[in-house]
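Try each task before you read its solution.

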Amino acid sequence: MKNWYSITAKADAPAEVHVFGPIGNTWDGEGVTARKFIEDFQAIDSDEVSLMVNSPGGSLFDGITIYSAMAASGKKITAKVMGVAASAASLIVMAADKITMPKNTHMMV
């Protein structure tokens, strides 16, 4: 099974969270599910998180759940849309305190 997200802790730097795939269960079982993502996100020791997103979206309810957990975490989150943050992925980006988007990226709410 492939994870479409990764979390990397760094000494003296924000933790990096990459969401590069569909949100929620997919037919092949490779989507970013709220349960697993939140479990991993809550294990981050850093108070600062750098969130990078390139996702076509997916499950509205997984997206809302991930958003709620990230927004309530108390962590300072900076998000960067790397390509597209569509549908449920745009919800996840909205949990950030600061959002950046290069000119060639897209967000679809």
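This is a predicted model: local features need pLDDT of at least 70, side-chain atom pairs count only at pLDDT 80 or more; totals for chains, interfaces and linings use all residues.

Residues are numbered from 1 along each chain as its sequence is written, and side-chain values use heavy atoms, leaving out hydrogens and water.

**Exercise 1.** Find the residues with the most contacts inside the largest nonpolar core.

*Solution.* Start with the term: a nonpolar core is a set of buried Ala, Val, Leu, Ile, Met, Phe, Trp, Tyr and Cys residues joined through side-chain atoms within 4.5 Å. Buried means under 20% relative accessible area, exposed over 50%, and partly exposed in between (1.4 Å probe, protein chains only). The largest such core has 26 residues, and V19, F37, L51 and M70 have the most contacts inside it.

**Exercise 2.** Work out where the buried residues of α1 lie around the helix.

*Solution.* Helices are DSSP runs (H or I, at least four residues), strands likewise (E, at least two), numbered from the N terminus. First, list the buried residues of α1: A34, F37, I38 and F41. Seen down the helix axis, they fall within an arc of 95 degrees (taken from the directions from the axis to the C-beta atoms), so they line one face of α1.

**Exercise 3.** Decide whether S90 and K103 are buried or exposed.

*Solution.* S90, in helix α3, has a relative accessible area of 2%, so S90 is buried. K103, in the loop between β5 (98–100) and β6 (106–108), is exposed because its relative accessibility is 90%.
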